[in-house]
Each structure stands twice: as structure tokens, then as C-alpha cells.
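Let's take a walk through this one together. Have the sequence and the structure open as you read.

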Amino acid sequence: MSKGVLLVNLGSPKSTDPKDVKKYLGEFLMDERVIDVPYAARALLVKGIILNTRPKQSAKAYSKIWWEEGSPLIVLTERLQKKVQAHTELPVEIAMRYGTPSIKEGLQKLHDQGVDDVMLLPLYPQFAMATTETILVLAEELRATHFPTMKITDVPAFYRKDDYIKVLSESIGEHLKELDYEHLLFSYHGVPERHIRKSDVTKLHCKIDGSCCSAASKAHEFCYRHQCYETTRKVGQYLNLEPGTFSTSFQSRLGFDPWLQPYTDRTIERMGKEGFKKMAIVTPAFVSDCLETLEEIAMEGEEIFHEAGGKEFTTIPCLNDRDDWAAVIAGWIAAWEEAKVEVV
Ligand SMILES: C=CC1=C(C)c2cc3[nH]c(cc4nc(cc5[nH]c(cc1n2)c(C)c5CCC(=O)O)C(CCC(=O)O)=C4C)c(C)c3C=C
Ligand SMILES: [Fe+2]
Ligand SMILES: [Fe+2]
């Protein structure tokens with residue numbers, strides 16, 4: 001069999017035009033694993049309410065962070081792909097779950113190069129129904145319909161894998177070295193609490209009470225909350241961070257249902273009000289900087305901190321196209337290619 005690799009990220013609108021943003025948000029939010037309510041209720045909520053107001057607001061936010069070459073998330077994923085490609089003879093393509101290049105286009109490109117054995121790497125360190133699972137389900141549907149002779153091997157969430165933790169920690173450490181900071185906040189994209197319960201394979205584990213995620217459980221393989229706390233814990237251990245000088249929070253909630261807590265915006269505000277003057281923030285749910293890191297954290301977060309009395313607010317970049325990160329992915333590809341050891 002002939003091997004190839006597909007790196008999959010979330011995707012972005014084509015441009016900052018509200019029409020393009022509306023199209024992108026429509027595809028994204030109509031995904032049953034993102035807004036997980038029955039179709040009729042989802043259509044009413046998304047098409048009847050959210051798409052009437054949100055695209056204008058989101059388009060404004062996208063305009064603040066957009067680059068000349070396009071969406072930061074897509075440009076950074078393309079740069080990462082080039083660096084990974086430089087390490088391997090196997091074809092490496094990228095795809096986006098929403099918008100373009102689509103997963104179907106990515107698989108087609110590999111197919112056109114003679115590939116029939118694909119390593120599929122969702123670019124999310126922690127498993128979530130709204131990210132990893134939706135990619136895997138769609139890729140399998142596309143494979144069965146359009147590429148029936150193709151084999152796809154999924155790379156599981158790498159939230160605690162040593163080589164990932166090493167590059168993440170070293171990237172954070174390099175920034176912290178230059179900083180005088182009082183607290184480091186690990187801010188992860190939030191999900192509704194309901195998503196965590198739905199992904200609980202044991203149906204017994206998840207109480208969202210702060211204790212279930214630290215007790216050993218088979219459920220952790222699919223528990224986003226556990227995986228986020230575990231990434232924070234491992235980085236804290238690697239960098240030898242003092243207990244009490246770092247913590248975890250969850251950002252970007254949408255709607256009125258309870259999402260994972262503590263919420264990032266309220267945490268930033270509380271820290272400012274409690275007298276913290278210098279804080280740093282890192283966003284390990286994202287491997288590429290995007291709207292949620294460049295606008296929501298670096299801009300809105302900074303404003304919240306200043307208004308609450310804080311002074312210095314530093315956002316640490318995502319791994320993006322760091323050479324050591326590209327080398328880690330290349331190592332996973334080599335391990336899979338040799339098929340001597342498990343990928344993760
Ligand atoms: C119900 C809504 C959403 C869930 C659940 C959700 C989970 C989730 N998302 C990411 C990563 C990203 N999300 C991004 C943008 C974004 N996310 C939502 C909604 C949910 N996300 C919306 C409506 C948007 C669009 C922007 C906006 O209008 O605010 C992005 C940025 C994309 C970009 O173009 O830069 C990323 C990345 C994760 C990791 C996650 C669950 C773990
Ligand atoms: Fe999101
Ligand atoms: Fe858990």
C-alpha cells in the first residue's frame with residue numbers, strides 16, 4: 001500500500017466579508033456534534049437566530065486579526081504542512097473540517113498521488129465531540145462513499161504525549177523566561193457540559209464536580225475536561241511551575257447552557273480585581289493561532305484585565321509552525337510509516 005498523511009484543522013471563513021462568515025458559521029454550527037440538538041431545533045437556532053446576528057459581529061472580529069495572506073489559522077496550517085513535508089518523502093496534505101480545503105479535497109489529493117493508506121491527524125491535542133470526533137466521522141463517511149479501497153488510520157488525541165508536552169512546555173518556557181509574571185493561565189476552548197457527558201463511554205464517570213477528572217477512569221480517553229487538566233498538569237510538571245502560580249480555565253462559550261468552568265473571561269477579571277498586575281496566558285487547545293487566541297484572548301482578554309486593574313497581559317503564541325513541533329509530527333509519521341510502534 002502507498003502511504004500519505006492528512007493534517008486536519010478547524011477551518012475559517014474565505015474572507016472577512018459577512019456573507020462568507022455566514023456561510024462558514026452555517027456549516028460549522030449546523031454540525032450535529034457542535035450544536036448537538038435535534039435537526040429542527042438546530043436549524044431554528046442556527047438559521048433562525050444565530051445567523052441573523054452573529055456573522056456581522058464575527059466578521060468585525062475576523063477583520064481585526066486577518067492577515068494579508070488570509071486567515072491566520074489556515075496560513076499557519078499551510079506553513080506547518082510545508083515544514084512537516086520537508087521531513088518526509090510521504091505526501092502530506094492539509095484539510096479543514098469546515099470551509100476549504102475540505103477533507104474530501106484533501107483525501108482526493110492524496111488519492112491522485114496514488115495513496116491508499118492514510119494517517120489522519122486531527123490538529124487538536126484534546127479529544128472533543130465537536131472537534132476530533134466530527135473529523136473522524138466525516139472522514140470515514142467520505143472514505144466509504146468516495147474512496148472505498150482506502151485505509152485510514154486515526155491518530156488519537158495527543159494531550160499527554162511526552163514529545164508534544166516537551167515542545168509545548170519549551171515554547172511556553174521560552175516566553176516565560178522573558179517575562180516577569182505573577183500567574184500563568186491555561187485557557188482551553190470550552191464546550192457545553194452536556195458534550196462531556198455524551199462522550200463518557202462509561203456513562204458513570206462524569207459529574208463535572210471537579211473530582212471525577214482526577215480519579216483514574218477508562219472514560220478519560222474521551223473526556224475533554226480531563227485531557228485539558230492533564231495537559232496543564234504535565235506542562236506544570238515539565239516546567240517545574242510552583243503550585244498556585246498557574247491554573248486552567250475555559251473560553252469562548254456560546255448560548256445559555258452551562259459550559260465548562262471556570263470561564264476564562266471571568267477568571268481574568270477576577271485576577272485583575274484581586275490585585276494581580278502581571279499575567280500570562282497560553283491556549284493549548286489550539287495548535288494554530290486563530291480568532292479565539294488573537295482576538296478573544298490577546299485583545300478582549302487584555303482589555304478585561306486592564307479594566308479590572310491589571311497592567312501587563314501577555315498572550316503566549318500557539319505552536320503554529322515551530323520547527324520542533326513540525327519535527328514531532330514528522331516523528332509520529334515515521335513511527336506509523338515503519339509500523340513498528342503505535343503512533344501515539
Ligand atoms: C456550540 C458551539 C461551539 C463549540 C462546541 C465549539 C468547540 C470548539 N471549537 C474549537 C476551536 C475553534 N473554534 C473557533 C471558532 C468558533 N467556535 C464557535 C463555536 C463552538 N466551538 C464559533 C461560533 C466560532 C466562530 C467564531 C465566532 O463567531 O466567535 C476557532 C477559530 C476559527 C478561526 O477561523 O480562527 C477555533 C480554532 C475547539 C478546539 C472546540 C472544542 C474543544
Ligand atoms: Fe469553537
Ligand atoms: Fe472527566
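We'll start at the ligand, move to one glutamate, and end at a pair of helices.

This is a predicted model, where local features need pLDDT of at least 70, side-chain atom pairs count only at pLDDT 80 or more, and totals for chains, interfaces and linings use all residues. Residues are numbered from 1 along each chain as its sequence is written, while chains are lettered from A and ligands numbered from 1 in the order in which they are written.

So what surrounds ligand 1? There are 23 residues around ligand 1, the closest being Ser12, Ser58, Ala128, Cys290 and Leu291; a residue counts as near if its C-beta atom, placed from the backbone, lies within 6 Å. The shell holds 15 nonpolar, six polar and two charged residues (Ala, Val, Leu, Ile, Met, Phe, Trp, Tyr, Cys and Pro are nonpolar, Asp, Glu, Lys and Arg charged, the others, Gly among them, polar). Ligand 1 lies between domain 1 (3-157 + 323-338) and domain 2 (162-315), because both give residues to its shell; the bounds come from an automatic or database domain assignment.

Helices α2 (39-65), α5 (129-146) and α10 (291-307) each supply at least two shell residues. Helices here are DSSP runs (H or I, at least four residues), numbered from the N terminus.

Stay on α10, where you'll find glutamate 296. Glutamate 296 is buried, with 20 other C-beta atoms within 10 Å (20 or more make a residue buried, with C-beta atoms placed from the backbone). Beyond neighbours within four places in sequence, glutamate 296 is in contact with Gln251, Ser252, Leu291 and Gly301, contact meaning C-beta atoms, placed from the backbone, within 7 Å.

Finally, look at α6 (residues 162-177) and α8 (residues 224-238): their axes come within 9 Å and cross at roughly 65°. Those axes are lines fitted to C-alpha atoms over the stretch in contact, with angles running from 0 to 180 degrees between N-to-C directions. On the α6 side the contact is made by Ile165, Lys166, Leu168, Ser169 and Ile172, and on the α8 side by Lys234, Val235 and Tyr238.

Note on methods
A residue is buried if 20 or more other C-beta atoms lie within 10 Å of its own, exposed if 12 or fewer, and partly exposed in between; C-beta atoms are placed from the backbone. Two residues are in contact if their C-beta atoms, placed from the backbone, lie within 7 Å.
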